[in-house]
Amino acid sequence: MKNSKIKLAVVGIGVMGLKHIDAIGKTNKAKLKAVVDLKKNSIIDKVNVNFYSSIKDMFKSETIDGVIIATPNSSHFKDGIEVIKHKCTVLIEKPITIRSVDTDKLISEAKRMNVQILVGHHRRHNSIMHKAKELIDNNLLGKVRTVNINRSEEHTSELQSPMYLVCRLLLEK
């Protein structure tokens, strides 16, 4: 795989799945090879890659280096297990599963099959979030009751896609 692009598939073509597809399209290191969703629709047609209605069907026809799971939380476990069965690296959007017992099973199976699992916690590493946490931890805002985050994205390069967050903190008086 020295000079070839990493072949990726995205499972779940909702908001996060589309964000992953967009990010893949902005890099020269990876190529989107397939998408998996329950039904094909006009959005999937615009992506212009092979469509499958199941992970199992995709692996029958495709050689994939990594799969991104962006399905509803309740299906992360079954989708993750299916990818791991095919000995393929998998990134699962948070939460990894909705039950800790399923998380343990997923991790055990990945170890047994020697497959890497990554969990999408992209906002955790955002500098703006770190600053907001610092302000809260240092009690500079008072008692925070709720946080509302609106985000917009501007991509300045394929290596950098900062998220600009506007946080509205409702403070207790």
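A: First, the cut-off: a salt bridge here is a side-chain nitrogen of Lys or Arg within 4 Å of a carboxyl oxygen of Asp or Glu. Keep in mind that this is a predicted model.

Q: How many salt bridges does that rule give?
A: The count comes to nine. One of them joins the side chains of Asp22 and Lys26, at 2.8 Å from N to O.

Q: Is Asp22 buried, exposed or partly exposed?
A: Asp22 counts as partly exposed, because its relative accessibility is 36%. Lys26 is also partly exposed, at 34%.

Q: What does Lys133 pair with?
A: Asp137, through a salt bridge of 2.6 Å, N to O. Both residues sit in helix α6, residues 127-137. They are four residues apart, so about one helical turn separates them.

Q: Why does that spacing matter?
A: An α-helix has 3.6 residues a turn, so residues three or four places apart point the same way.

Q: And which residue does Arg112 bridge to?
A: Glu109, with the closest N and O atoms 2.8 Å apart. Both are in helix α5, three residues apart, or about one turn. Arg112 counts as exposed, at 60% relative accessibility. Glu109, in contrast, is among the buried residues of α5.

Q: Let's stay on α5. How many residues has it got?
A: It has 14, residues 100-113. From first C-alpha to last, α5 reaches 20 Å, close to the 20 Å expected at 1.5 Å a residue.

Q: Which residues of α5 are buried?
A: Asp102, Thr103, Leu106, Glu109, Ala110 and Met113. Seen down the axis of α5, the buried residues fall within an arc of 130°, so they line one face of the helix.

Q: What follows α5?
A: Asn114 does, and its phi is positive, near 60°.

Q: Switching topic: what's the mean pLDDT of the chain?
A: It is 83, and 81% of the residues reach 70 or more.

Q: Where does pLDDT stay under 50?
A: Over residues 154-173. The model still has 52 contacts beyond four places in sequence for that stretch.

Q: How should I treat those contacts?
A: Where pLDDT is low, the predicted coordinates should not be read in detail.

Note on methods:
Residues are numbered from 1 along each chain as its sequence is written. This is a predicted model: local features need pLDDT of at least 70, side-chain atom pairs count only at pLDDT 80 or more; totals for chains, interfaces and linings use all residues. Side-chain values use heavy atoms; hydrogens and water are left out. pLDDT is the predictor's confidence in each residue, from 0 to 100. Contact means heavy atoms within 4.5 Å. Helices (H or I, at least four residues) and strands (E, at least two) are DSSP runs, numbered from the N terminus. The expected span of a helix is 1.5 Å times one less than its number of residues. Buried means under 20% relative accessible area, exposed over 50%, partly exposed in between (1.4 Å probe, protein chains only). The arc is that of the directions from the helix axis to the C-beta atoms.
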